[in-house]
Amino acid sequence: MKAFEKNIRKVEPYVPGEQPQNKVIKLNTNENPYPPSPGVRKALKELDTDRFRLYPDPSCASLTEALAKFYHVNPDQVFVGVGSDDVLSMCFLTFFNSEKPVFFPDLTYSFYKVWAELYRIPYECQKLDADFRMVKEDYYKENGGVIFPNPNAPTAIYEELDVVEDIIRANQDVIVIVDEAYIDFAGRSALELIDRYDNLIVVQTFSKARSMAGMRIGYAISNPALIKYLNDAKYSFNSYTMNQAALACGVESVKDKAYFEEGIRKIIKTREWAKEELLRLGFRYLDSSANFIFATHPAYDAKELFEALKKNGIYVRYWGSERIEQYLRITIGTREEMEALFAFLKGYMENRV
Ligand code: PMP
C-alpha cells in the first residue's frame, strides 16, 4: 500500500439508478414522463450565449425571488442548489456538526448515509415499523439532528403534518430537515411550519413534479438565519453552483403554475389507476403518495421480475437489501408506458403458471 493511501478520504459512494442511453421504458429513477413547461423551452432558446463568458449570478437572485413569490416567503428564506442532492449535502455539512448522532429512518434515501460518512458525521438509523411507517417517538431521544423524506423513499409513504410537527417540536435544540422531494404528489407541506419553528429546513426539488431532473435544481426554504449559514457554507465551497441556463429555466418553470398543477394531476391519476392494475395482477404495495409505487408480489420473486422486465426494455428499481428484498420500486410513467408494463407482467405471469 502506498503511504498516501492512508490519508485519502475513502467513501462508499451512492449508487444512482441506471441511465440507459438507448430507448427503454424508464420507470427506475422517479423522473417525470412529461416535458417541463413550454416556457422552459423558450427560455433556453432565448438564452444569450454571449453571456456565457461571464460567471453566473452567485446569489441566484432571479430564481430565489421567483421561488419566494411562489411560496409566499422572503427571498432571504430561499437557498438554491444543483438539485436537492447538492442542497441536502450542503445542509449536512452546515448543520450536522455534533458529536451526537444524526437520526434518519433505516429505510430511506440511501444518500443520507453516504453524506454522513463523507463528512464523518455520526448517525443512527431509526427502524421503520412493520408497516414501514416512521415511529415518531424514536426521534425524541437526544441526537445531533434529524432528517427524513416526506413522502419517504423508497416506500412512498406520506406522514401527516401533525407527525412531522411532533418530531420538529421534540427536537428544537437541533436542526430538523424535511426532504420533500415528492411532496407535490402528496399532502400538506412542512413549509406551513417554518414561521413557527426556527430549527426547521424544508428541501424540495425541480426533478420530480417540475420535470427538470436533467437541469439539476433544488432548494431549501427556512428562516433567514439558517439560510445565511447555508450560503456561508456554499460560498466557502463553490460560489457559482447554478449555471445561467439552470437559473433561466428554473424561473420560467416556477412562473407557470397551471402547467405545474396539471402535470401533478396527470401523474396522480395514472398512479391511482396503476394501483388498481397492480392489485388485479396480485401485487401488494405500500400506499403511495409519491410519483412511484413500492410493490411486491407474494408469488413472484422480485429480483426475477426485475431482471425479466429489464430484458424486455422496462427499467424499474430493485435493491435486494434487507427488509425490501421482495420489493420493486416502479416510477409512474405515462399511461401508455404503464400499460406496456402491465401487459408485460400479465404475459410473464401467464407463461409462468
Ligand atoms: N431526496 C429524495 C428522497 C430523493 O428520492 C431524491 C431523488 N433521487 C433526491 C432527494 C434528490 O433529487 P434531486 O437531486 O434530483 O433534486
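Which helix holds Lys 269? Lys 269 sits in helix α8 (residues 257-280), where helices are DSSP runs of H or I with at least four residues, numbered from the N terminus. This is a predicted model, in which local features need pLDDT of at least 70 and side-chain atom pairs count only at pLDDT 80 or more, while totals for chains, interfaces and linings use all residues. Residues are numbered from 1 along each chain as its sequence is written, and side-chain values use heavy atoms, with hydrogens and water left out.

Lys 269 is exposed because its relative accessible area is 60%, and exposed means over 50% (1.4 Å probe, protein chains only).

Now to the ligand. Its shell has 13 residues, and the closest are Ser 84, Asp 179, Tyr 182, Thr 205 and Ser 207; a residue is near a molecule if one of its heavy atoms lies within 4 Å of it. Helix α3 (residues 83-95) gives the largest share of this shell, 4 residues. By type, the shell divides into 5 nonpolar, 4 polar and 4 charged residues.

| Side chain | Ligand atom | Distance |
|---|---|---|
| Ser 84 | oxygen | 2.6 Å |
| Tyr 109 | nitrogen | 3.3 Å |
| Arg 216 | oxygen | 2.8 Å |

On its own, the ligand has 400 Å² of accessible area, and the protein covers 91% of that; accessible areas come from the Shrake-Rupley method with a 1.4 Å probe.

Key: A polar contact is a pair of N or O atoms within 3.5 Å; within protein, one must be able to donate a hydrogen and the other to accept it, and residues adjacent in sequence count only if both atoms are side-chain atoms. Helices (H or I, at least four residues) and strands (E, at least two) are DSSP runs, numbered from the N terminus. Ala, Val, Leu, Ile, Met, Phe, Trp, Tyr, Cys and Pro count as nonpolar, Asp, Glu, Lys and Arg as charged, and the others, Gly among them, as polar. Buried means under 20% relative accessible area, exposed over 50%, partly exposed in between (1.4 Å probe, protein chains only).
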